[in-house]
Amino acid sequence: MRTIELPRSEDLELAGLDALELPLAPQPSLARRFWSSSWPLLAALAVVIGAWQLVVMSGWRPSYVLPGPLTVAERIVKDVADGQILPAVATTMRRIGLGFALALVIGGLIGLAIVRWRVLRTAIASLITGLQTMPSIAWFPLAILLFGLSEQAMMFVVVLGAAPSVANGLITGVDHVPRLLLRAGQVLGARGLNAYRFVILPAALPSFIAGLKQAWAFAWRSLMAGELLVIIATQPALGVRLQLSRELNDAPGLLATMVVILVIGIVVDALFFGRLDTAIRRRWGLLESSP
């Protein structure tokens with residue numbers, strides 16, 4: 001009878017060590033990585049623009065009501081050259097930056113307080129979820145009554161729209177921290193505030209980033225609604241341009257402003273939240289490290 005000799009453990013260990021000496025696969029270049037991450041978005045935009053052009057060519061609406069992509073692109077270039085749209089973008093981005101920063105601070109503090117003290121969770125956790133589901137436009141009558149037609153009214157609604165998402169993202173992340181990780185932290189001496197600093201908050205970071213992304217969406221929509229309702233004559237903004245284009249029946253200007261708003265949303269998501277999510281996943285070992 002023929003016997004089969006199994007490899008000894010020493011041979012297996014040597015084979016594993018030899019495998020470590022094999023050359024690693026070369027990392028793709030920066031241009032190749034950029035292209036691989038951007039071509040799906042470019043393809044989706046091409047499909048949308050093509051569908052838009054087909055609808056225009058079908059004659060469903062007159063060209064003065066629904067202009068084509070080329071007409072809108074020419075209008076964007078003209079507004080940029082005339083210096084009309086960049087000041088509006090600057091005003092809107094200043095407002096969203098301030099409002100989102102306030103929402104981040106307020107929502108983060110509320111979330112930390114709720115996860116730290118159980119009595120607060122019992123008292124206001126459901127209230128925060130209710131505030132998150134409330135349409136932001138419903139807050140504007142109260143905001144205008146309290147602050148008048150001012151930037152404070154817009155900031156009030158932006159913070160109320162975004163802060164609950166920040167708080168809920170933090171609460172959800174802390175609630176889903178594995179118990180095994182908490183026990184390991186306790187064994188290593190992470191207790192009390194140190195447990196939150198070194199174990200709980202880092203583990204809750206992915207859910208917290210998802211909450212921030214949702215908060216950004218709520219803040220952006222709240223601000224756009226606010227700029228449509230609260231028009232300050234001395235401060236041009238994207239929402240003001242939308243309202244004025246509608247009143248003047250300026251379809252190219254209206255669609256040009258809408259395209260700019262869409263592009264800003266895509267750029268912020270790709271350059272900030274996309275990079276932040278990638279960095280966190282790479283730190284957690286879910287992505288290969290870049291060279």
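**Helix α4 against helix α9**

Helix α4 contributes T92, M93, R95, I96, F100, L104, L112, V115 and R116 to a contact (heavy atoms within 4.5 Å) with L193, Y196, L201, F208, L212, A215, W216, A219, W220, L223, M224 and E227 of α9. The residues of this contact divide into 17 nonpolar, 1 polar and 3 charged, where Ala, Val, Leu, Ile, Met, Phe, Trp, Tyr, Cys and Pro count as nonpolar, Asp, Glu, Lys and Arg as charged, and the others, Gly among them, as polar. The model is predicted, with local features needing pLDDT of at least 70 and side-chain atom pairs counting only at pLDDT 80 or more, whereas totals for chains, interfaces and linings use all residues. Residues are numbered from 1 along each chain as its sequence is written, and side-chain values use heavy atoms, leaving out hydrogens and water.

**Geometry of the pair**

- The axes of α4 (residues 85-116) and α9 (residues 193-229), as lines fitted to C-alpha atoms over the stretch in contact, come within 8 Å and cross at roughly 140°.
- The two helices are therefore oblique to each other, given that angles under 35 degrees count as roughly parallel, over 145 as roughly antiparallel, 65 to 115 as roughly perpendicular and the rest as oblique.

**The chain as a whole**

- The protein chain holds 11 helices and 0 strands, taken as DSSP runs (H or I, at least four residues, for helices; E, at least two, for strands).
- Of its 291 residues, 34% count as buried, that is, under 20% relative accessible area with a 1.4 Å probe.
- Among contacts between residues at least 6 apart in sequence, 71% join residues at least 24 apart.

Key. Buried < 20%, exposed > 50% of the residue type's maximum accessible area, 1.4 Å probe, protein only. Axes fitted to C-alpha atoms, helices over the stretch in contact; angles between N-to-C directions.
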